[in-house]
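Have the structure open beside you as you read.

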Amino acid sequence: PMTKQSSVGASGLFAKQLQAVTANTDKSDRVSAILQKYDLNNISWNDIQKLGKQLFDAGALDGNQLADFTAPYFIPPAVDGRRQQPSPDDKIDYLSSISALYDYTKNTQNDPRSTTQMERVKALFDTLVSLSRRGDSA
């Protein structure tokens with residue numbers, strides 16, 4: 001069984017893998033430029049898929065990270081609490097959806113695997129947001 005300590009370790013390892021992108025200035029500049037084209041607070045499902053592929057092609061995401069980034073369970077629930085597949089071109093607030101699901105999982109799940117996965121996903125998005133803001137200060 002996974003302990004809380006090991007789940008934090010897995011999250012830290014995931015963040016380190018992604019943050020290695022920042023050690024390579026050319027790669028981080030490419031990733032930052034890609035991220036500048038998208039608004040994760042107002043993005044369609046089609047654009048999420050395109051962005052994930054571009055980040056994968058640029059070497060910012062590995063296959064597991066790409067799967068986490070484009071996972072359909074991050075679609076926000078409808079008002080009645082059921083997941084409702086938006087049209088591929090409907091805009092959603094993807095960052096808020098990730099944050100809400102992370103908080104929900106952290107506060108309600110007893111399954112360490114669910115918590116660990118959401119910690120990895122949160123680390124992924126935190127790093128991507130950080131990289132996307134790099135271009136703002138340039």
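## A charge over a ring

In this predicted model, the charged end of Lys122 is placed over the ring of Tyr102, at 5.5 Å from the ring's centre.

## Rings in pairs

Now for rings that meet other rings. A pair of aromatic rings is described by the distance of the centres and the angle of the planes. How many aromatic pairs are there? The count comes to four.

One of them joins Phe69 and Phe125: the ring centres are 5.2 Å apart and the planes are at 15°. Planes under 30 degrees apart count as stacked, so this pair is stacked. Phe69 belongs to helix H4 (residues 63–69) and Phe125 to helix H6 (residues 112–137), so the pair ties together parts that are 56 residues apart in sequence. Are these two residues buried or exposed? Both Phe69 and Phe125 are buried.

Tyr94 is in helix H5 (residues 94–108) and Phe125 in helix H6, so the pair ties together parts that are 31 residues apart in sequence.

Buried means under 20% relative accessible area. Tyr94 has a value of 0%, so Tyr94 is buried; Phe125 has 3%, so Phe125 is buried too.

## The cluster

Which residues do the ring pairs link into a cluster? They are Trp45, Phe69, Tyr94 and Phe125.

How values were computed: Residues numbered from 1 in each chain as written. Predicted model: local features only at pLDDT ≥ 70, side-chain atom pairs only at ≥ 80, totals over all residues. Heavy atoms only, no water. Phe/Tyr/Trp six-rings, centres within 6.5 Å; stacked < 30°, edge-to-face > 60°. Helix = DSSP H or I, 4+ residues; strand = E, 2+ residues; numbered from the N terminus. Buried < 20%, exposed > 50% of the residue type's maximum accessible area, 1.4 Å probe, protein only. Lys NZ or Arg CZ within 6 Å of the ring centre and 35° of its normal.
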